[in-house]
Amino acid sequence: MKLYDAPAPNPMAVRLFILERGGLTLDVETVDIMTLQNRRRAYRAINPRGEVPTLQLDSGTVITETTAICEYLDEMAIGGTSLFGNTAEQRAETRMWLRRMDLEICQPVIAWFRNDPATVDFYKGNRLPTPEARVNQKVMINQALNMLDDELQGKTWLCGDRFSAADIHFYGLLKMMIMQVCEWVLLPGRDNLLAYWKRLDERDASRKALTTFSTKVTV
């Protein structure tokens, strides 16, 4: 298998999943998104959508979308414990929380960033920012964060005591965003969320996932 990696939120979520899951060996190629290599013909011949990450299987099949890649790797990993769950109930709970975090917080935060007019030069015509949407987006994100803070009361992870792909997805997509452009997500006042984020920060894999993989990774 070959993973097309990049220093960006979605690839970080996949790196974090790989590091937490273990039992995997992958070839890796880092895509230079700063020069929009992902939008060039060579890369789009592999992934026509021009997005990262991409997982190319030995059969030639190409899998895109972060969650789909993680679910595939979860099933292909040798040994260890599934990060989606070992029972139908656990898998449903994981997917419920992953979906909530993605729809209510992660994707809105990414959209809020992309709607900044300062991104025009970076995207070079590949995205059209809508600055007037940012206020409403930020309000809705904060509403979702308030709800999450309440829902984390008395819990270690999103699925209670069970660390899962939902935690990985949430942290992986937001960590770089919070470090670089939206530190307001972790403003004081949401004590449960801040404590939860601290636990995520303290995991060994969380620190390692900040850096792109070399040309091969075995965990």
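How are helix 7 and helix 8 oriented to each other? In this predicted model, helix 7 and helix 8 pack at an angle of about 90°, with their axes 11 Å apart. The two helices are therefore roughly perpendicular to each other. On the helix 7 side the contact is made by Asp167, Phe170, Tyr171, Leu174, Lys175 and Ile178, and on the helix 8 side by Leu193, Tyr196, Trp197, Leu200 and Asp201. By class, this contact of helix 7 with helix 8 has 8 nonpolar and 3 charged residues, and no polar ones.

**Helix packing**

| Helix pair | Angle between axes | Distance between axes |
|---|---|---|
| Helix 1 and helix 3 | about 15° | 10 Å |
| Helix 1 and helix 7 | roughly 140° | within 8 Å |
| Helix 7 and helix 8 | about 90° | 11 Å |

Helix 1 spans residues 9-21 and helix 3 spans residues 66-76. With an angle of about 15° between them, helix 1 and helix 3 are therefore roughly parallel to each other. Their crossing is right-handed. Asn10, Ala13, Val14, Phe17, Ile18 and Arg21 in helix 1 meet Thr66, Ile69, Cys70, Leu73 and Asp74 in helix 3. Sorted by class, the residues of this contact of helix 1 with helix 3 comprise 7 nonpolar, 2 polar and 2 charged.

Helix 1 also packs on helix 7, where the axes come within 8 Å and cross at roughly 140°. That angle makes helix 1 oblique to helix 7. The crossing of helix 1 and helix 7 is right-handed. From helix 1, the residues Pro9, Asn10, Met12, Ala13, Leu16, Phe17 and Glu20 take part; from helix 7, the residues are Ala165, Ile168, Tyr171, Gly172, Leu173, Lys175, Met176 and Met177. The contact of helix 1 with helix 7 divides into 11 nonpolar, 2 polar and 2 charged residues.

**Aromatic pairs**

The model has 8 aromatic pairs. One of them joins phenylalanine 17 and phenylalanine 84, a tilted pair with 5.9 Å from centre to centre and 50° between the planes. Phenylalanine 17 lies in helix 1 and phenylalanine 84 in the loop between helix 3 and helix 4 (88-114), so the pair ties together parts that are 67 residues apart in sequence. Both phenylalanine 17 and phenylalanine 84 are buried.

Tryptophan 157 and tyrosine 196 form an edge-to-face pair, at 6.2 Å centre to centre and 70° between the planes. Tryptophan 157 is in the loop between helix 6 (134-151) and helix 7 (165-180), and tyrosine 196 is in helix 8 (residues 191-201), so this pair ties together parts that are 39 residues apart in sequence. Tryptophan 157 has 9% relative accessibility and therefore counts as buried. Tyrosine 196 is buried as well, with a relative accessible area of 0%.

Which residues do ring pairs link into a cluster? The cluster consists of Trp157, Phe163, Phe170, Tyr171, Tyr196 and Trp197. Among these, Phe170 and Tyr171 of helix 7 and Tyr196 and Trp197 of helix 8 also belong to the contact of the two helices.

Is asparagine 47 buried or exposed? With a relative accessible area of 2%, asparagine 47 is buried. Asparagine 47 is placed in the loop between helix 2 (41-44) and strand 3 (54-56). Leaving aside residues up to four places away in sequence, asparagine 47 touches Thr54 and Thr64.

Conventions. Residues numbered from 1 in each chain as written. Predicted model: local features only at pLDDT ≥ 70, side-chain atom pairs only at ≥ 80, totals over all residues. Heavy atoms only, no water. Axes fitted to C-alpha atoms, helices over the stretch in contact; angles between N-to-C directions. Helix = DSSP H or I, 4+ residues; strand = E, 2+ residues; numbered from the N terminus. Parallel < 35°, antiparallel > 145°, perpendicular 65-115°, else oblique. Left-handed = near helix turned anticlockwise from the far one by under 90°. Contact = heavy atoms within 4.5 Å. Nonpolar A, V, L, I, M, F, W, Y, C, P; charged D, E, K, R; others polar. Phe/Tyr/Trp six-rings, centres within 6.5 Å; stacked < 30°, edge-to-face > 60°. Buried < 20%, exposed > 50% of the residue type's maximum accessible area, 1.4 Å probe, protein only.
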